[in-house]
Amino acid sequence: MKKLFLVANWKANKDIAEMYSWFISFLNSDFITWLHEEEKKHDKTIIICPPFTVLSEIVIFLSSHSLKIPLFLGAQTISSFESGSYTGEVTGHMLEELVTYVIIGHSERRQMGETFEDIEKKVQLALSHNLIPIVCVQDIHTPVPEGVKIVAYEPVNAIGSGNPDSPEHANEVAMYFKESKNILYVLYGGSVTSKNVASFTRQEYINGVLVGGASLEPDAFSLIVKNA
Ligand code: PGA
């Protein structure tokens, strides 16, 4: 069974009330029943990456429901500092009690000045706090730090544009990272919708999708999980 990761990147969206209404709608009983059946046929891992400000509320909410479904939380970034006098930073130590995964090196953060050196430090800190890094790469020339097992190929022009890469090209990029860079899982991200998700996930080398805009609506994201 090919492993698939369906990752929702909420970016800078949703306050606490909006987060609750998303989860209550997403985790409706029909979807949970479907997910239990689906688990017998496909290996799908759902990862929700909300803003930091709602993480602890979600952890409490999910633990009070003990749903036994393959649903995990991720952070959208991590500090490149271990701890100390770094105003505003959210560190690996703070995150490890809240999330399992962390997105590192998203192109929107690189555009805000994040460098490869920062990304390397973030990966090291994530790993040392038992977090699984999902490193975003823009093309085959983007370097990947040591120890990374999951990358998300996200061509900059495809992000939020309604103009995704072709599934065949994304598959070639995924093959390159797996065969030449020893990466275990490659995801595709950039204008993924419920309509085009299967064209990516059925490619041999692609192990899932990283979804921005279409993850903000619970119905749209659950259709992505279903159609993948
Ligand atoms: P998009 O964003 O799905 O809105 O294109 C993807 C991403 O930035 O991770």
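In which loop is the place of Gln76?

Reply: Gln76 lies in the loop that runs between β3 and α4. The coordinates belong to a predicted model, and the values below are computed from it.

Gln76 counts as buried, because its relative accessibility is 19%, where the cut-off for burial is under 20%. Its side chain makes two polar contacts with backbone oxygens. The side chain of Gln76 reaches the backbone oxygen of Cys49 at 3.0 Å. A polar atom of that side chain also lies 3.3 Å from the backbone oxygen of Pro50. Beyond residues up to four places away in sequence, Gln76 touches Asn9, Trp10, Lys11 and Ala12, as well as Cys49, Pro50, Pro51, Ile103 and Arg109.

An N or O atom in the side chain of Lys11 is 2.7 Å from an oxygen atom of the ligand. Backbone atoms take part as well: an N or O atom from the backbone of Ser191 lies 2.8 Å from a ligand oxygen, and a backbone N or O atom of Gly212 is likewise 2.8 Å from an oxygen atom of the ligand. On its own the ligand has 280 Å² of accessible area, of which the protein covers 95%.

The buried residues of α3 are Val54, Leu55, Ile58, Phe61 and Leu62, and they pack against α1 (16–26), β3 and α4 (92–95). As a general point, an α-helix has 3.6 residues a turn, so residues three or four places apart point the same way. The length of α3 agrees with expectation, because its 14 residues should span 20 Å at 1.5 Å a residue and its end C-alpha atoms are 21 Å apart.

Just after α3, Ser66 takes a positive phi of about 25 degrees. Lys68, in the loop between α3 (52–65) and β3 (71–75), has a positive phi of about 55 degrees although it is not a glycine. Most residues other than glycine have a negative phi. Lys68 counts as exposed, because its relative accessibility is 70%; Gln76, by contrast, counts as buried at 19%.

Asn182 is placed in the loop between α7 (167–180) and β7 (185–189), and its phi is positive, near 60 degrees, in a residue other than glycine. With a relative accessibility of 61%, Asn182 counts as exposed.

Gly208 is in strand β8, residues 208–211, and its relative accessible area is 0%. Leaving aside neighbours within four places in sequence, Gly208 is in contact with Leu4, Phe5, Val186, Leu187, Tyr188 and Thr201. Gly208 and Ile46 are 162 residues apart in sequence, while their C-alpha atoms are 9.8 Å apart in space.

Conventions: Residues are numbered from 1 along each chain as its sequence is written. This is a predicted model: local features need pLDDT of at least 70, side-chain atom pairs count only at pLDDT 80 or more; totals for chains, interfaces and linings use all residues. Side-chain values use heavy atoms; hydrogens and water are left out. A polar contact is a pair of N or O atoms within 3.5 Å; within protein, one must be able to donate a hydrogen and the other to accept it, and residues adjacent in sequence count only if both atoms are side-chain atoms. Accessible areas come from the Shrake-Rupley method with a 1.4 Å probe; for residues, only the protein chains shown count as cover. Helices (H or I, at least four residues) and strands (E, at least two) are DSSP runs, numbered from the N terminus. Buried means under 20% relative accessible area, exposed over 50%, partly exposed in between (1.4 Å probe, protein chains only). The expected span of a helix is 1.5 Å times one less than its number of residues. Contact means heavy atoms within 4.5 Å.
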